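Trainee: Could we go through this model together, one question at a time?
Mentor: Gladly, let's bring it up first.

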Amino acid sequence: MGTPFCSRYASLNFTHFPPSLAPAIQLTFNTTLRRRNGVVSSRMESTSISLSGDTSSTSVSATAAGGDTTTTGNNSTEESSITDTVVQYVVLRRDLIDTWPLGSVVTQGCHAAVAAIWSHKDDAVTLQYCSPSNIDSMHKVTLEVKGEAQILNLAEKLKAGGIAHKLWIEQPENIPTCLATKPYPKSLVSSFFKKLKLCK
């Protein structure tokens, strides 16, 4: 499986308070993602924001899996941010795009995407992807393969790589029409799709 994947998320946004009102603020919001043997898990870390005797100096310390980082500022609030876009990949068949009504192909993609998310509704990354703060800014990447053989091969490749996905089999025809992954940090899954074309 290779080296375990680890990504840290930390984003600090806060406002200065007079020491008399808020001498110390404790926040818990950093998420650490780890991928081991195809399993993605999350852990919440603690971040402390301490305000000194005057408001001219602010100390911010964030602890995450990779170690400790400390940022200090004078008359300014410094922000620490490590981001990895969470995406859902949807893969359609080019032969169906060329022969089926557009609405039918779009429907197939919707079926696969919803099924992949619902099947992993308790997954930490899925919950982040569908959270109220992110629901209006979801990222999806829609790609294409040539036909049935290619969609089946891709499904096997994802399965072997431990990437959770839904291969949609349209019934009653029993036709594999498309697939969708559950949401993942892009850097974790992009290599599985780098040879595929964007669907146009």
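Trainee: Which residues line the second largest pocket?
Mentor: This is a predicted model, where local features need pLDDT of at least 70, side-chain atom pairs count only at pLDDT 80 or more, and totals for chains, interfaces and linings use all residues. Residues are numbered from 1 along each chain as its sequence is written, and side-chain values use heavy atoms, with hydrogens and water left out. A pocket here is an open set of points, on a 1 Å grid over the protein atoms alone, where a 1.4 Å probe fits and protein lies on both sides within 12 Å along at least five of seven lines; lining residues have an atom within 4 Å of a point. For the second largest pocket they are Val90, Leu92, Ile97, Leu102, Val105, Val106, Gly109, Cys110, Ala113, Thr142, Cys199 and Lys200.

Trainee: Which element gives the most to the lining of the second largest pocket?
Mentor: Two elements give two or more residues to that lining, β7 (86-93) and α2 (102-119). Helices (H or I, at least four residues) and strands (E, at least two) are DSSP runs, numbered from the N terminus. With six residues, the element that gives the most is α2.

Trainee: Where is leucine 143 found, and is leucine 143 buried or exposed?
Mentor: Leucine 143 belongs to strand β8 (residues 139-145). Not counting residues up to four places away in sequence, leucine 143 touches Tyr89, Val90, Val91 and Leu92, among others, contact being heavy atoms within 4.5 Å. Buried means under 20% relative accessible area, exposed over 50% and partly exposed in between (1.4 Å probe, protein chains only). Since its relative accessibility is 4%, leucine 143 is buried.

Trainee: Which side chain makes a polar contact with the side chain of lysine 182?
Mentor: Lysine 182 sits in the loop between β10 (175-181) and β11 (184-185), and counts as buried because its relative accessibility is 3%. A polar contact is a pair of N or O atoms within 3.5 Å; within protein, one must be able to donate a hydrogen and the other to accept it, and residues adjacent in sequence count only if both atoms are side-chain atoms. Beyond its neighbours within four places in sequence, lysine 182 is in contact with residues including His120, Asp123 and His165. Its side-chain polar contact, at 3.0 Å, is with aspartate 123.

Trainee: Which side chain does a polar contact join to that of aspartate 84?
Mentor: Aspartate 84 lies in the loop between β6 (81-82) and β7. At a relative accessible area of 13%, aspartate 84 is buried. The polar contact of 2.4 Å is with the side chain of serine 187.

Trainee: Which two residues does a cis peptide bond join?
Mentor: Most residues other than glycine have a negative phi, and most peptide bonds are trans. In the loop between β9 (165-170) and β10 we find proline 172. The cis bond has an omega of about 10° and joins glutamine 171 and proline 172.

Trainee: How many disulfides are there?
Mentor: A disulfide is a pair of cysteine sulfur atoms within 2.5 Å. By that rule the count is zero. Cysteine 178, for one, is in no disulfide, and its nearest cysteine sulfur, that of cysteine 110, is 8.9 Å away. The number of disulfides is therefore, by the rule of 2.5 Å, zero.
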